[in-house]
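Look at the structure, then read the points below.

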Amino acid sequence: MGEYRSICSLLFLALLLSSTHGESPYRFYDWNVTYGDIYPLGVKQRGILINGQFPGPQIESVTNDNLIVSVFNALDEPLLISWNGVQQRRNSWQDGVYGTNCPIPPGQNFTYVLQVKDQIGSYFYFPSLALHKAAGGYGGIRILSRPRIPVPFPPPAGDFTLLAGDWFKQNHTDLKAILDGGHDLPFPDGLLINGRGSNGNTFTVDQGKTYRFRISNVGLTTSINFRIQGHKLLLVEVEGTHSLQNTYDSLDIHLGQSLSVLVTADQPPQDYIMVFSTRFTSQILTSTATLHYSNSAGSVSGAIPGGPTTQIDWSLEQARSFRRNLTASGPRPNPQGSYHYGLINVTHTMRLANSAPIINGKQRYAVNSVSFIPADTPLKLADYFKISGVFSLGSIQDSPTGGGAYLQTVRLFIWAYIKFYWFY
């Protein structure tokens with residue numbers, strides 16, 4: 001009995017010391033990245049798997065958690081994993097893109113040390129090199145609010161992640177060869193929902209309850225629209241920010257974007273069609289899943305609900321309706337007091353215009369005529385160790401030049417509050 005009490009006392013002391021230190025919890029992940037056969041559109045392809053899964057395992061975390069992700073690259077080419085939407089406030093050198101990290105060589109390991117500092121919301125990770133994303137290797141990230149931080153809606157009865165996007169039947173190496181040959185990518189062959197084609201997913205709900213759906217566009221080329229037969233979508237979060245809770249019949253989700261909606265199962269008990277379709281394309285691709293009521297009295301019936309197709313103004317107006325919920329708590333109370341953005345002087349204005357030039361026989365993309373090329377030395381290292389000749393500062397002009405595009409390794413430092421204008 002005395003020994004038991006001694007052990008309990010030691011455990012209590014350890015917990016006390018841990019809480020006194022105040023460090024946020026750690027979550028550890030070991031990932032083995034391999035090739036594997038997948039059949040998302042009914043055709044055998046060489047996919048990129050994480051621990052044998054496509055999509056990869058979901059990261060579950062809470063605001064300020066430390067994420068330790070050990071990645072072993074079992075592919076035959078270099079690999080990097082990027083964390084789309086994670087702000088990297090204390091670890092920008094872990095961002096997982098070519099200008100920040102050295103690629104993980106084949107047969108080697110790298111451990112990402114991330115902190116989701118002051119963040120909440122829905123995000124995803126993906127491989128950022130060599131069109132690996134066209135072969136998979138992506139997965140969802142959830143960052144929950146800490147228990148004491150109020151959330152501006154009641155806890156949902158369930159929480160679903162939808163990773164949707166366009167997909168090609170060609171392997172990523174073939175797609176890369178098309179781009180390297182100076183051509184644009186072909187039209188996608190279909191849309192995937194959580195790694196499966198049409199009618200490949202079922203989401204079970206209880207009648208009368210409300211559920212959260214976290215939706216990310218993980219595709220390569222295409223915006224998509226989401227809707228559910230007979231149900232409304234209540235928008236509650238966009239890119240990690242609580243939004244004004246507007247109700248929509250359908251929502252556009254653009255490339256790389258993530259958002260959350262609440263869906264209440266308030267219809268008669270049967271199955272309903274969930275739809276993703278492409279936007280702004282001459283041919284409309286559609287993929288469906290099933291919203292299954294647990295007490296369903298019948299299968300799916302009726303036509304697939306229609307949605308917007310090529311209407312650009314419709315999408316712009318919807319995007320303008322997204323507003324930050326200024327009365328909701330963020331990831332943490334703001335100890336610095338209110339931010340007075342209107343009192344910050346604008347010291348530098350830049351007007352940015354994108355373009356899609358052909359340079360040296362290859363399809364390239366540029367901002368103010370500059371098309372980025374990666375350097376052999378990561379830019380963060382070149383900056384830290386003051387290595388000259390790796391990148392150029394100030395080579396992007398403040399306004400569109402209208403001239404011919406050219407290749408350059410650039411880095412844009414923002415030392416002051418800069419106003420940006422985008423032109424398409």
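On a 1 Å grid over the protein atoms alone, a cavity is a set of points where a 1.4 Å probe fits but cannot get out. A pocket is an open set with protein on both sides within 12 Å along at least five of seven lines. Lining residues have an atom within 4 Å of a point. Grid points are joined across faces, edges and corners, and a volume is the space filled by probe spheres set on the points.

This is a predicted model: local features need pLDDT of at least 70, side-chain atom pairs count only at pLDDT 80 or more, and totals for chains, interfaces and linings use all residues. Residues are numbered from 1 along each chain as its sequence is written, and side-chain values use heavy atoms, with hydrogens and water left out.

**Cavities**
- The whole structure holds two cavities of 30 Å³ or more.
- The largest cavity has a volume of about 60 Å³.
- Its lining is made of Lys133, Ala134, Tyr138, Gly165, Asp166, Trp167, Phe168, Val218, Gly219 and Leu220.
- That lining has six nonpolar, two polar and two charged residues (Ala, Val, Leu, Ile, Met, Phe, Trp, Tyr, Cys and Pro count as nonpolar, Asp, Glu, Lys and Arg as charged, and the others, Gly among them, as polar).
- The second largest cavity has a volume of about 30 Å³.
- Residues lining the second largest cavity include Gln58, Tyr123, Arg142 and Arg214.
- Strand E8 (139-144) gives the most to this lining, with three residues (strands, E, at least two residues, and helices, H or I, at least four, are DSSP runs numbered from the N terminus).
- Five residues of the lining of the second largest cavity are polar, two are nonpolar and two are charged.

**Largest pocket**
- About 2,100 Å³ of space lies in the largest pocket.
- Its lining counts 36 residues, and Ser128, Leu131, Arg364, Tyr365 and Phe372 lie nearest the centre.
- Strand E7 (121-127) and helix H2 (172-180) are among the elements that each supply at least two lining residues.
- The lining divides into 19 nonpolar, 10 polar and seven charged residues.

**Nonpolar cores**
- A nonpolar core is a set of buried Ala, Val, Leu, Ile, Met, Phe, Trp, Tyr and Cys residues joined through side-chain atoms within 4.5 Å; buried means under 20% relative accessible area (1.4 Å probe, protein chains only).
- The largest nonpolar core has 31 residues, and Phe213 is one of those that touch the most other members.
- Leaving aside neighbours within four places in sequence, Phe213 is in contact (heavy atoms within 4.5 Å) with residues including Phe160, Leu162, Val261 and Met274.

Definitions and conventions:
Buried < 20%, exposed > 50% of the residue type's maximum accessible area, 1.4 Å probe, protein only.
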